[in-house]
Amino acid sequence: MPRRYNSKETIELILSASIKLFNEKGFDKTSMQEIVDESGVSKGSIFHHFNSKEEILTAVMVNQAKTYEQVILKWLGEVESMTAKEKMIAMLDKILEDADMGADALGKHVLKSPQMILAAMQESLKIAAPIYAQIFKEGTEDGSITTAYPEECAQVFTLLMNFWCDNAIFECSTKELCNRAVFFQQMMRDLGADVISDKHISQFIKSK
């Protein structure tokens with residue numbers, strides 16, 4: 001007799017199987033039938049929850065982004081006494097030290113898949129960027145950050161930090177990566193958000 005699943009458990013099985021396959025084979029080369037086989041969930045049940053493989057991809061990225069959000073919010077609750085600039089500097093330390101918090105947490109096929117990169121960018125802008133924007137806004141109030149565009153600054157920070165400055169996504173030499181990091185540092189400084197230190201650049205190059 002087939003096993004019965006509740007909706008939450010079914011979705012978790014589908015997403016777990018999908019991210020495993022997407023990491024191993026890539027999004028394009030993963031079929032719905034393989035997701036059926038890997039998850040143990042019937043095709044009918046999968047299509048009850050998701051209309052397409054693209055919808056599954058979106059759900060996978062939403063889950064990852066929400067997990068990232070929970071970690072960051074928990075950590076921010078522990079550093080309330082810091083200025084906004086200090087929070088951003090410390091957060092960047094944490095991101096560079098913990099591969100599970102950045103794009104390195106994704107599998108190599110994910111990093112080569114345009115669909116998955118786009119989905120990751122969209123979810124980063126929806127979930128991570130608003131957190132950074134709030135910190136930048138706090139900085140304009142406590143005087144540690146002077147940008148006139150906190151939301152836009154946060155969005156650019158998110159995209160450059162997580163994607164453009166990742167040579168697994170946008171391939172480049174070590175020298176070119178170093179130049180990107182220095183440019184990123186200078187750009188943030190010119191925007192009034194001097195939150196990337198020389199130490200961060202060294203950590204950044206080593207982490208890639």
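Which helix is Ser39 found in? Keep that in mind while you get oriented.

**Before you click**

This is a predicted model, where local features need pLDDT of at least 70, side-chain atom pairs count only at pLDDT 80 or more, and totals for chains, interfaces and linings use all residues. Residues are numbered from 1 along each chain as its sequence is written, and side-chain values use heavy atoms, with hydrogens and water left out.

**The whole protein**

Start with a cartoon view: you'll see 10 helices and 0 strands. Helices here are DSSP runs (H or I, at least four residues), strands are E runs of at least two, and both are numbered from the N terminus. Buried residues make up 45% of the 208 residues; buried means under 20% relative accessible area, exposed over 50%, and partly exposed in between, with a 1.4 Å probe and protein chains only. Of the contacts with a separation of 6 or more, 66% join residues 24 or more positions apart, a contact being heavy atoms within 4.5 Å.

Now colour by pLDDT, the predictor's confidence in each residue, from 0 to 100. The protein's mean is 86, and 89% of its residues reach 70 or more. Among the elements, helix H2 (residues 32–39) has the highest mean pLDDT (95) and helix H6 (residues 108–112) the lowest (56). Where pLDDT is low, the predicted coordinates should not be read in detail.

**Stop 1: Ser39**

Select Ser39, and you're in helix H2. Ser39 counts as buried because its relative accessibility is 9%. Show its polar contacts (pairs of N or O atoms within 3.5 Å; within protein, one must be able to donate a hydrogen and the other to accept it, and residues adjacent in sequence count only if both atoms are side-chain atoms). The Ser39 side chain reaches the backbone oxygen of Ile35 at 2.7 Å, and a polar atom of that side chain lies 3.1 Å from the backbone nitrogen of Val41. Leaving out residues up to four places away in sequence, Ser39 touches Leu13, Ile14, Ala17 and Ile46.

**Stop 2: Asn23**

Hop over to Asn23 in helix H1 (residues 7–25). Asn23 counts as partly exposed because its relative accessibility is 25%.

**Stop 3: the cavity**

Next, select Leu92, Leu96, Met161, Ala181, Phe184, Ile196, His200, Ile201 and Phe204, which line the largest cavity. Helix H5 (84–97), helix H9 (174–190) and helix H10 (198–207) are the elements that give two or more residues to this lining. H10 supplies the largest share, 3 residues. About 60 Å³ of space lies inside, and the structure holds 1 cavity of 30 Å³ or more.

On a 1 Å grid over the protein atoms alone, a cavity is a set of points where a 1.4 Å probe fits but cannot get out, and lining residues have an atom within 4 Å of a point. Grid points are joined across faces, edges and corners, and the volume is the space filled by probe spheres set on the points.

**Stop 4: His200**

Finish on His200, in helix H10. His200 counts as buried because its relative accessibility is 2%. Its side chain reaches the backbone nitrogen of Ser197 at 3.0 Å. Beyond four places in sequence, His200 touches Ile89, Leu92, Asp93, Leu96 and Val195.

Key
On a 1 Å grid over the protein atoms alone, a cavity is a set of points where a 1.4 Å probe fits but cannot get out, and a pocket is an open set with protein on both sides within 12 Å along at least five of seven lines; lining residues have an atom within 4 Å of a point.
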